[in-house]
Amino acid sequence: MRTLDVLGFAGRALRGHRLRTALSLLGVAIGVAAVVTLTALGEGARRYVLGQFAAVGTNMVVVLPGRTETTGAMPGFGGVPQDLTLEDAVAVSRGVPEVDKVAPMVVGTETVAFGERRRQVALFGATHEALEVRRLAVAQGRFLPPLPWDRGAPVAVLGARLARELFPARASVGQVVRVGDWRMRVIGVLEPRGQQLGIDMDDVVVVPVATAMKMLNRSGLFRLVLQARSHADLERAKTAVLRLLTERHGEEDVTVITQDAVVSAFSSILGALTMALSGIAAVSLAVAGVGIMNVMLVSVSERTREVGLLKALGAERRHILAAFLAEAILISSAGGLLGVGLGWAAVLLLVAIYPALPASPPLWAVAAAFSLSVGVGAVFGVLPARRATRLDPVSALAGR
Amino acid sequence: MIRLAGISRSYDVGGEFVHALVDVTEEIASGEHVAIMGPSGSGKSTLLHVIGCLDRPDRGRYELDGRDVSELDDAELSLVRRHTVGFVFQFFHLVPRLTARENVELPMLFAGVDPAERRNRALERLRAVGLEARVAHRPDQLSGGERQRVALARATVLSPKVLLADEPTGNLDTASGRHVLELLEQMNASGLTLIVVTHDPAVARRARRILVLTDGRVVYRGPGSRIHEAVERLAAAENGA
């Protein structure tokens with residue numbers, strides 16, 4: 001019996017029960033669509049997070065005050081043995097040749113007002129170097145001037161949305177705004193950037209770091225962001241910075257992490273999450289397989305006389321096995337194809353609703369989901385097909 | 001040539017052992033037309049199934065066309081059924097979703113005949129049974145007589161040597177039944193061995209030879225022309241004599 005004949009015979013049998021076939025097919029399609037969609041979501045989340053890290057800079061080393069071992073808390077929170085100071089930043093800048101740029105930062109919240117308009121936003125104390133290290137871009141005016149880090153200045157750079165809302169009908173550059181109790185001249189507006197690692201960069205006010213420390217009454221920095229000269233210098237820079245700060249503080253009371261390590265950790269976690277989501281979705285494929293088996297068992301039962309007839313006409317066991325197995329595989333394959341289409345459509349819909357999420361199903365996931373669906377048909381079709389082959393022809397012809 | 005020697009077949013029916021065939025020894029020559037009669041449960045259909053290699057005897061030796069088929073495995077028996085034997089059933093056994101032509105093509109599917117050849121041979125057989133205008137009709141669009149003629153075309157499409165018909169006119173009106181019998185006799189006249197199981201004396205009398213079975217044993221053998229003897233023997237069997 002030729003392969004095309006087997007498929008044709010199976011296809012005609014399925015067309016004889018359109019609703020039953022369609023429902024079984026739908027079960028597989030939903031399973032495959034779930035795998036495709038959830039994998040795309042997981043992959044989208046991974047790409048989104050990695051994109052966020054890439055957007056804030058490359059070859060970055062972050063120095064946080066405190067160590068988890070000594071404080072028992074997350075770096076940057078809880079008790080800190082010694083502050084990370086601007087002097088530390090200067091020392092790193094001068095004493096670690098692997099470091100190209102140093103951007104000391106302070107973060108808090110403050111009210112920004114212009115006339116009757118006021119808004120509570122993130123206050124971002126930074127230096128001229130932050131423009132490059134954090135990959136910021138200025139849409140109007142200029143960024144913070146290259147002042148000595150310990151020198152404040154009453155100037156501010158506004159996030160894009162903040163500027164638009166404070167100054168809806170006029171240019172913001174050159175205007176004087178009130179930041180907390182301070183009057184500051186707006187010297188620039190950032191380009192729209194959206195969320196970056198949890199901070200809405202369109203809703204910030206950036207002021208010189210020394211000014212921010214005074215405004216927020218801080219003696220220490222939130223963190224030091226360093227840019228290594230090259231990717232190859234990352235680990236050496238990390239070691240050198242840790243050694244230098246340990247010497248200055250008399251103990252190892254800072255945490256130094258490289259961007260690579262964070263990205264790698266997030267990538268692993270989100271990769272595992274994607275696999276877990278795919279696995280959960282694949283369970284629904286197994287359920288669909290049980291559905292196919294049930295439908296095929298009913299089909300064998302209903303077509304007992306037909307099986308008897310086929311045997312009387314000279315069909316061998318392998319012919320009967322192939323015919324019924326082909327039906328199960330046709331259902332699962334068609335369901336798989338439909339599921340890939342549905343899954344892809346669902347992903348497109350998600351991306352249309354949440355454009356920031358770069359969700360797209362990886363090809364390996366699509367191929368795996370489709371292959372799995374075909375496999376499900378083959379595996380769950382075996383039992384009914386074998387049952388058909390074992391029917392005694394005389395009893396089968398009598399419908400027993 | 002069909003040669004049955006000491007064939008017995010029993011079934012376990014709900015714990016009770018039923019002897020469907022008991023020590024049947026019979027020879028049927030090539031091209032012969034034989035009618036098998038007998039009361040219900042006498043073993044007629046079992047004998048037909050054994051001859052058609054659908055069922056295996058428990059004991060005895062069965063030679064079909066010079067070959068001992070009693071010891072063949074399932075796959076070999078399938079080949080015998082496909083190429084040596086054709087079946088016609090009382091209830092036609094057509095596949096409802098297939099057209100007349102597709103039903104006739106079925107045995108050729110298993111024989112691996114290529115599609116164009118299949119189509120031509122199926123159309124030729126349907127023409128031979130007078131159904132050239134009904135080739136694209138499904139069974140539910142055909143009359144009983146037409147359905148049986150499709151079954152007849154299907155049974156003979158691979159040119160078997162033996163045609164086994166189990167009550168071929170049992171579900172047909174008189175005119176359709178006569179038409180089917182004429183076709184069967186035409187095929188027999190062209191050299192096909194024809195074995196018909198029937199209750200109907202009018203069908204049996206057309207055979208060259210009649211066998212009457214009772215309780216799994218052949219109790220009468222005689223020419224079709226002496227149908228009255230067979231009928232008397234049958235009546236006696238049914239009355240328990």
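Which residue in β10(A) is the bridge partner of V157(A)? In this predicted model, the bridge partner of V157(A) in β10(A) is V206(A), and that bridge belongs to an antiparallel pairing in which strand β5 (residues 155-158) of chain A is joined to strand β10 (residues 204-208) of chain A over 2 bridges.

**Strand β5 of chain A and its partners**

β5(A) also pairs with strand β7 (residues 182-190) of chain A, here in the parallel sense and over 4 bridges, with A156(A) having V186(A) as its bridge partner in β7(A). Strands of a sheet pair through backbone hydrogen bonds, and they do so either parallel or antiparallel.

| Strand pair | Sense | Bridges |
|---|---|---|
| β5(A) and β7(A) | parallel | 4 bridges |
| β5(A) and β10(A) | antiparallel | 2 bridges |
| β6(B) and β7(B) | parallel | 4 bridges |

Helix α8 of chain A covers residues 234-249, and at 1.5 Å a residue its 16 residues should span 22 Å, which agrees with the 22 Å between its end C-alpha atoms. Its buried residues are L234(A), A237(A), K238(A), V241(A) and L245(A). These residues cover an arc of only 100° around the axis, and they therefore lie on the same side of α8(A). An α-helix has 3.6 residues a turn, so residues three or four places apart point the same way. The buried residues of α8(A) pack against several elements of chain A, namely β1 (60-65), α4 (86-95), β2 (99-114), β11 (223-228), β12 (254-258) and α9 (259-302). Just after the helix, G250(A) adopts a positive phi of about 80°.

One of the residues of helix α4 of chain A is D88(A), which counts as buried because 24 other C-beta atoms lie within 10 Å, the cut-off for burial being 20 or more. Apart from its neighbours within four places in sequence, D88(A) is in contact with L245(A) and R248(A). The C-alpha atoms of D88(A) and L221(A) are separated by 9.6 Å, although these two residues are 133 residues apart along the chain.

**The open sheet of chain B**

In chain B, 6 strands form an open sheet of mixed pairing, in the order β6-β7-β8-β3-β9-β10. The edges are held by β6 (85-88) and β10 (217-223), each of which has a single partner strand, so one side of each is left without a neighbour in the sheet. From one strand to the next, the twist averages 20°. Helix α1 (residues 44-51) of chain B lies across β3 (33-37), β7, β8 (193-197) and β9 (209-214) of that chain, and it runs at about 155° to β8(B).

**Nonpolar cores**

The largest nonpolar core has 132 residues, among which V32(A), I36(B) and I195(B) touch the most other members. Helix α11 (residues 317-353) of chain A supplies the largest share of this core, 13 residues. Not counting residues up to four places away in sequence, I36(B) touches K44(B), L47(B), L48(B), I195(B), V197(B), L211(B) and L213(B). A second, separate core of 64 residues includes L64(A), F114(A), L131(A) and V155(A).

Conventions
Residues are numbered from 1 along each chain as its sequence is written. Chains are lettered from A and ligands numbered from 1 in the order in which they are written. This is a predicted model: local features need pLDDT of at least 70, side-chain atom pairs count only at pLDDT 80 or more; totals for chains, interfaces and linings use all residues. The expected span of a helix is 1.5 Å times one less than its number of residues. A residue is buried if 20 or more other C-beta atoms lie within 10 Å of its own, exposed if 12 or fewer, and partly exposed in between; C-beta atoms are placed from the backbone. The arc is that of the directions from the helix axis to the C-beta atoms. Two residues are in contact if their C-beta atoms, placed from the backbone, lie within 7 Å. Two strands pair if DSSP finds at least two bridges between them. Axes are lines fitted to C-alpha atoms, for helices over the stretch in contact, and angles run from 0 to 180 degrees between N-to-C directions. A nonpolar core is a set of buried Ala, Val, Leu, Ile, Met, Phe, Trp, Tyr and Cys residues joined through C-beta atoms within 7 Å.
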